[in-house]
Amino acid sequence: MGLFERILVIFQKKDVTVKTPQTPAPIPVAEPAAPPTEAIPAERAPVVEEQRPAVPPDEKEPTTAQPDIKEVKPVSDKITAGHVHMSGCTGCEVALADNYAGLLTLLDKYVDWVYDLTLIDVRHIPEMDVALVEGSVCINDRISVEEIRETRKKAKIVVALGSCATYGNITRFCRGGQQNQPQHEAYLPIGDLIKVDVYLPGCGPSPQLIRNVCVAAYLLLKGNADQQALATAYLKPLMMLPERGTSACFCDLMYEVIDQGLCIGCGACAAACPVRAITHEYGKPQGQRDLCIKCGACYNQCPRSWYSFDVVNQYESIMETIDAAMEP
Ligand code: SF4
Ligand code: SF4
């Protein structure tokens, strides 16, 4: 008897049954919970697309297209203006944008913005009523010199926007050698190259000043006689600003105001300084000349450096006119 038969006999004697593996009972699966019966708010309810009947290919749907209706602009008699970018940091354009809703009112009612390398894809300077020129001119760069001359030819009013365009500002310190343009070493304010009509010094100029000048330019070109007179009164001092020269720094304030005993200690110069180069000691301004960037803001904000009776005498009427114009 072989081994297998002998083992079989032993199992038969012990009445051992070999159990065949059973198929395991299925694990009961819990029924999915019924969805809550509360009503779903209308705004959260799933959108069920209406089943649209298929359109037979030979039947065309009736067209529901409306005829083209063009938007009617409330004002069509706008002036045209643009931003010409010379050697500036774009801070003056940011100051323009800082008018927020006022900028929209300007663009809606008074100004068509026709040229701006930062914002508009127009490559050549077009004819325009007002050109806001930001930055000084590098006279080592032939293209910059040509562009500023072309701006003068194409624009009725040229505005020096900011201290770089008005006085040279920090670019006056340039001695060349920058990595990308090592040959650029001499920068001049635009008034040294072309005739400028209006100057807005400031690094950058205040957004309100830019807005006011844009409205005043509109009133000067398109307003009635009274509005033109008020706009002229407002713009005249800004037209005459650099009669004393196209450079200004704390030294001018020192020589022309403080050393002359004219200073009243009002603090306007220190508040205007963008680099905090002016402190007040014993009620009088002290300038740290190694910090001064020659923006001229202190000199132009000082009430004792120059004074415009035209603006002061008509200040309320001018501001009422500009504020009324800026109402949305
Ligand atoms: Fe400008 Fe200040 Fe210099 Fe005056 S002292 S020119 S505000 S940087
Ligand atoms: Fe003096 Fe003119 Fe300066 Fe006022 S703004 S503190 S008056 S220098």
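What follows is a conversation about the structure shown here.

Q: Is this from an experiment or a prediction, and what is the mean pLDDT?
A: This is a predicted model, and the mean pLDDT of the protein is 82, with 77% of its residues reaching 70 or more.

Q: Which helices have the lowest and the highest mean pLDDT?
A: Among the elements of the protein, helix α1, covering residues 3-13, has the lowest mean pLDDT, at 58, whereas helix α4, covering residues 142-154, has the highest, at 97.

Q: And where is the pLDDT below 50?
A: Residues 15-40 are one such stretch, and beyond near neighbours in sequence it has 2 contacts in the model. Residues 42-51 also have a pLDDT below 50, and that stretch has 1 contact in the model beyond near neighbours in sequence.

Q: OK, how many helices and strands are there?
A: The secondary structure of the protein comes to 12 helices and 9 strands. Of the 328 residues in the protein, 32% are buried, and among contacts between residues at least 6 apart in sequence, 76% join residues at least 24 apart.

Q: Which residues touch the most other members of the largest nonpolar core?
A: That core has 52 residues, and those touching the most other members are Val-130, Val-133, Val-159, Val-213 and Cys-214. Helix α6, which spans residues 207-222, gives the most to this core, with 9 residues.

Q: What is Val-159 in contact with?
A: Leaving aside its neighbours within four places in sequence, Val-159 is in contact with Val-130, Ala-131, Leu-132, Val-133, Asp-197, Val-198, Leu-200 and Val-213. There is also a second, separate core of 18 residues, and its members include Phe-250, Val-257, Ala-272 and Cys-302.

Q: Switching to the ligands, which residues come nearest to ligand 1?
A: There are 15 residues around ligand 1, of which Phe-250, Cys-273, Cys-292, Cys-295 and Cys-298 come nearest. By class, this shell around ligand 1 has 12 nonpolar, 2 polar and 1 charged residues.

Q: And which come nearest to ligand 2?
A: Around ligand 2 there are 14 residues, and the nearest of them are Cys-263, Cys-266, Ala-268, Cys-269 and Cys-302. The shell around ligand 2 divides into 11 nonpolar, 2 polar and 1 charged.

Q: Which helix gives the most to the shell around ligand 2?
A: Helix α8 gives the most, with 3 residues. Both α8, at residues 250-258, and α9, at residues 268-272, supply at least two residues each to the shell around ligand 2.

Q: Which way do β8 and β9 run, and how many bridges join them?
A: Strand β8, residues 278-281, runs antiparallel to β9, and 4 bridges join the two. One pairing is that of Glu-281, whose bridge partner in β9 is Lys-284. The hairpin of β8 and β9 has 2 residues between the strands, and in this hairpin Tyr-282 takes a positive phi near 55 degrees.

Q: Last one: which residues does a cis peptide bond join?
A: A cis peptide bond joins Cys-203 and Gly-204, with omega about -10 degrees. Gly-204 is placed in the loop between β7, residues 198-200, and α6.

How values were computed: Residues are numbered from 1 along each chain as its sequence is written. Chains are lettered from A and ligands numbered from 1 in the order in which they are written. This is a predicted model: local features need pLDDT of at least 70, side-chain atom pairs count only at pLDDT 80 or more; totals for chains, interfaces and linings use all residues. A residue is near a molecule or strand if its C-beta atom, placed from the backbone, lies within 6 Å of it. Ala, Val, Leu, Ile, Met, Phe, Trp, Tyr, Cys and Pro count as nonpolar, Asp, Glu, Lys and Arg as charged, and the others, Gly among them, as polar. A nonpolar core is a set of buried Ala, Val, Leu, Ile, Met, Phe, Trp, Tyr and Cys residues joined through C-beta atoms within 7 Å. A residue is buried if 20 or more other C-beta atoms lie within 10 Å of its own, exposed if 12 or fewer, and partly exposed in between; C-beta atoms are placed from the backbone. Two residues are in contact if their C-beta atoms, placed from the backbone, lie within 7 Å. pLDDT is the predictor's confidence in each residue, from 0 to 100. Two strands pair if DSSP finds at least two bridges between them.
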